[in-house]
Amino acid sequence: MYVDVAVCLPLSRTFVYKAEEQLESGSRVLVPFRKREIEGFVIGSRNEAPDIEIHPITRVIDSSPLLRPEIFELCRWISKYYVSPLGEVLKAALPPGISARHIGRGGQGGRPLVPLHSGVQGTRGRPPCPPRPVLTSDQSRALDAIRTVTGFQTILLHGVTGSGKTEVYMRAAEDFLAADKSTLILVPEIGLTPQLTEWFSDRFPGKTAILHSSLTKRQRIDEWLRIYAGEAPIVIGTRSAVFAPLENLGLIVVDEEHETSYKQEEIPRYHARDTAVMRAKLAQAAAVLGSATPSMESFHNAESDKYRHVALTTRVEDRALPNVEIINMREEYAAAGKQVIFSQRLLQGLAARLERREQAMILLNRRGYAAFLLCRRCGFTFQCSSCSVALTYHRTIDKLLCHYCGLARRPQARCPECDSEYIHYVGEGTERLEAELMKIYPDARIGRVDRDTMRHMRDFERVLGGFRNGDIDILVGTQMIAKGHDFPRVTLVGVIGADAPLAMPDFRAAERTFQLLTQVAGRSGRGREPGEVVIQSYFPDHYTFQLAVTQRFEDFYARESRYRKGMFYPPFTALAGIMVTDRDPARAAALAREVGEFLDSVRSKTVRILGPAPAPLERIKKVHRHQLLIKSASRATLHHMLEKLQAYVEEKKIGGTRVIIDVDPVSLL
Ligand SMILES: [Zn+2]
Ligand SMILES: [Zn+2]
């Protein structure tokens with residue numbers, strides 16, 4: 001017989017090979033391809049030989065497919081929707097290193113994974129799983145909405161921070177389990193939501209599997225096998241867990257659905273949230289998208305009745321939302337006669353917390369000591385030699401680092417351009433913040449959480465555990481501290497440099513800022529004492545800050561919608577980004593022009609094309625990047641154009657890695 005094979009390469013077309021035996025769709029094979037051997041997936045078969053020379057497959061890797069039919073269908077959808085080669089999508093759906101012989105060995109997985117930290121440091125600082133609390137009326141309503149779903153439906157669970165969404169997820173999972181149905185829970189990053197993972201493991205001992213990128217290859221295979229064998233009907237995992245081989249799927253939860261980490265930024269570029277909704281549809285299951293600050297896309301879907309909107313408007317135990325205050329840093333500058341890091345209001349607040357033995361968190365979304373080094377005489381800045389970004393100064397190691405490629409160099413005392421010694425540190429990072437706080441409050445115990453101090457998951461847990469136990473008074477950190485943690489003694493949250501994300505050349509800048517501010521504000525006042533939030537800004541009148549004070553998402557959505565509609569941006573327009581790359585700047589520009597001309601030749605009148613233009617980050621790791629954006633009122637029209645572009649790129653042998661198609665892009669940098 002003859003089989004159609006999707007090879008694991010950035011190629012959209014399939015190839016025909018001769019097979020000795022009957023092979024099902026989804027079976028993995030090794031095939032000869034352009035003088036080498038490569039893995040591929042059988043996606044169909046035929047009895048008649050096509051009119052060309054056909055090679056036999058080299059070897060069958062898995063004669064019975066490891067991909068369940070539902071996952072295979074899901075992969076086909078991803079390949080089509082995201083204009084991504086099917087072979088690459090199918091490969092991404094399986095854990096690396098797995099093969100059918102693992103299943104042949106009795107279908108047994110390994111032992112259940114022990115939750116991440118309990119083996120490392122015992123139960124110290126670990127929040128206990130809450131007893132099954134009496135549900136608030138909001139929680140009961142949400143649970144009823146999920147319970148009563150028959151067939152496929154998507155629910156946007158829009159709950160203010162601290163409204164107890166996790167308990168709703170656990171109860172719903174319990175119900176589905178009792179009906180012999182499995183549950184899949186997606187989280188943005190496992191390390192950032194350790195509590196959710198632990199609570200589920202505690203509530204459903206032995207029945208929970210965990211899938212994320214920090215597992216070893218072996219652990220990942222073992223967890224996958226436990227799921228495949230039906231031993232773990234509840235799966236918690238990050239992005240790629242959307243492919244978990246669960247059977248009888250009843251419920252998919254996407255927690256913090258607005259998070260950008262759900263989008264995979266390499267081939268295949270799928271969005272795990274939207275893929276999860278499609279998987280629920282294929283399985284006729286309930287999809288629940290949870291967030292305190294839904295994405296514009298999901299809220300738009302709820303508004304247009306594609307999703308059901310279920311709101312949780314009260315915090316558990318009727319705790320009040322924190323009081324948010326915006327500080328105008330221009331006034332602080334005028335009063336102090338110089339640039340200051342901390343406003344008077346924040347300093348007073350911190351002193352009061354130390355006095356009362358309460359806790360505070362300070363968020364600054366930039367690591368390192370100084371954003372860049374500037375020569376005050378000639379304006380020289382130290383730039384990365386491989387990327388078009390300034391190097392960040394890290395004082396502990398006394399090095400200038402590139403946050404994109406990792407390049408490290410020693411700072412110089414004198415300017416390499418004009419030899420002056422007026423080298424100035426500009427823009428503070430978390431390392432500087434920690435140092436300054438130690439100077440101001442020498443007796444305070446200060447902790448810091450960012451990618452520099454958190455090399456391992458256990459570092460993260462150690463600091464957070466210490467904070468939870470009251471061993472730390474002030475916790476300084478990047479957005480890593482903004483996520484779902486529950487610290488009842490935190491009554492003050494300060495946000496420094498809140499303007500920075502608004503300056504990003506990205507149409508989602510305001511949305512991201514609003515989300516971050518709301519999330520971090522939600523960390524305050526989760527215990528008995530009411531919370532306070534101080535946001536420092538140089539543009540306090542910007543609508544994002546004004547609406548962050550009220551924390552009323554609907555108002556923000558209405559305001560932001562006007563801008564998106566006016567500028568033809570999602571969720572009111574279908575958007576795709578095309579990134580053209582080359583190590584040579586002239587070749588990158590020429591190829592971008594060629595792609596632009598091609599798109600122009602195949603576009604319909606209703607489609608807008610922006611660019612080509614150099615990307616905001618024009619160079620990363622010595623690769624030059626040019627960008628085009630395609631906006632279309634009709635998704636089908638956009639799709640049609642992208643497929644033509646894909647065919648053009650393959651026909652011209654330009655290479656799928658030099659012209660990158662990104663459907664529904666989340667980052668335009
Ligand atoms: Zn200089
Ligand atoms: Zn670099």
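Start at Ile-362. Its bridge partner in β23 is Gly-494. In β22, the bridge partner of Ile-362 is Val-476. Keep in mind that this is a predicted model.

Now step back to the whole strand. β15 pairs with β23, residues 490-496, in the parallel sense, over six bridges. β15 also pairs with β22, residues 474-477, again parallel, over four bridges.

How many residues of β15 are buried? Six of the six, so this strand, residues 359-364, is largely enclosed by the rest of the structure. Remember the general rule: in a regular strand, side chains alternate between the two faces of the sheet. Here, both faces of β15 are covered. One side has Gln-359, Met-361 and Leu-363, and the other has Ala-360, Ile-362 and Leu-364. All of these are buried.

Next, a sheet with four strands. The order is β26-β27-β25-β28, the sheet is open, and the pairing is antiparallel. Which strands sit at the edges? They are β26, residues 607-620, and β28, residues 659-663, and each pairs on one side only. On average, neighbouring strands of this sheet are turned by 20° against each other, direction ignored.

Look at one pair inside it. β25 covers residues 574-582, and β27 covers residues 623-632. They pair in the antiparallel sense over nine bridges. To find one of them, go to Asp-582: its bridge partner in β27 is His-624.

Most residues other than glycine have a negative phi, and most peptide bonds are trans. We have exceptions to show you.

Take the loop between α17 and β25. Phe-568 is in that loop. Its phi is near 55°, a positive value in a residue other than glycine. Is Phe-568 buried, exposed or partly exposed? It has 17 C-beta neighbours inside 10 Å, so Phe-568 counts as partly exposed. Pro-571 has its place in this loop too, between α17, residues 553-566, and β25. The peptide bond from Pro-570 to Pro-571 is cis, with omega near 5°.

Now go to Lys-653, in the loop between α19, residues 635-651, and β28. Phi of Lys-653 is near 50°, again positive in a residue other than glycine. Lys-653 is exposed, because it has 6 other C-beta atoms within 10 Å.

Another cis bond runs from Ile-267 to Pro-268, with omega near -5°. Pro-268 lies in the loop between β11, residues 249-255, and α9, residues 272-283.

Hold on to α9, because we turn to helix packing. Two packed helices are described by the angle between their axes and the distance between the axes. For α1, residues 69-81, and α9, the angle is about 135° and the axes are 10 Å apart. That makes α1 oblique to α9. The crossing is right-handed. Which residues make the contact? From α1, they are Glu-70, Glu-73, Leu-74, Trp-77 and Ile-78. From α9, they are Thr-275, Met-278, Arg-279, Leu-282 and Ala-283. By class, this contact of α1 with α9 has six nonpolar, one polar and three charged residues.

α5, residues 137-147, and α6, residues 165-178, pack at about 35°, with their axes 10 Å apart. α5 passes α6 in a right-handed crossing. On the α5 side, the contact uses Gln-139, Ala-142, Leu-143, Ile-146 and Arg-147. On the α6 side, it uses Glu-167, Val-168, Arg-171, Ala-172 and Asp-175. The residues of this contact divide into five nonpolar, one polar and four charged.

Last stop: a sheet of six strands. It is open, its order is β5-β2-β1-β4-β3-β6, and the pairing is mixed. β5, residues 55-56, and β6, residues 59-62, stand at the edges. Each has a single partner strand, so one side of each is left without a neighbour in the sheet. Inside the sheet, β1, residues 2-7, and β2, residues 15-18, pair in the antiparallel sense over four bridges. Find Asp-4, and you will see that its bridge partner in β2 is Val-16.

Technical notes. Residues are numbered from 1 along each chain as its sequence is written. Chains are lettered from A and ligands numbered from 1 in the order in which they are written. This is a predicted model: local features need pLDDT of at least 70, side-chain atom pairs count only at pLDDT 80 or more; totals for chains, interfaces and linings use all residues. Two strands pair if DSSP finds at least two bridges between them. Helices (H or I, at least four residues) and strands (E, at least two) are DSSP runs, numbered from the N terminus. Axes are lines fitted to C-alpha atoms, for helices over the stretch in contact, and angles run from 0 to 180 degrees between N-to-C directions. A residue is buried if 20 or more other C-beta atoms lie within 10 Å of its own, exposed if 12 or fewer, and partly exposed in between; C-beta atoms are placed from the backbone. Angles under 35 degrees count as roughly parallel, over 145 as roughly antiparallel, 65 to 115 as roughly perpendicular and the rest as oblique. A crossing is left-handed if the near helix is turned anticlockwise from the far one by less than a right angle, and right-handed if clockwise. Two residues are in contact if their C-beta atoms, placed from the backbone, lie within 7 Å. Ala, Val, Leu, Ile, Met, Phe, Trp, Tyr, Cys and Pro count as nonpolar, Asp, Glu, Lys and Arg as charged, and the others, Gly among them, as polar.
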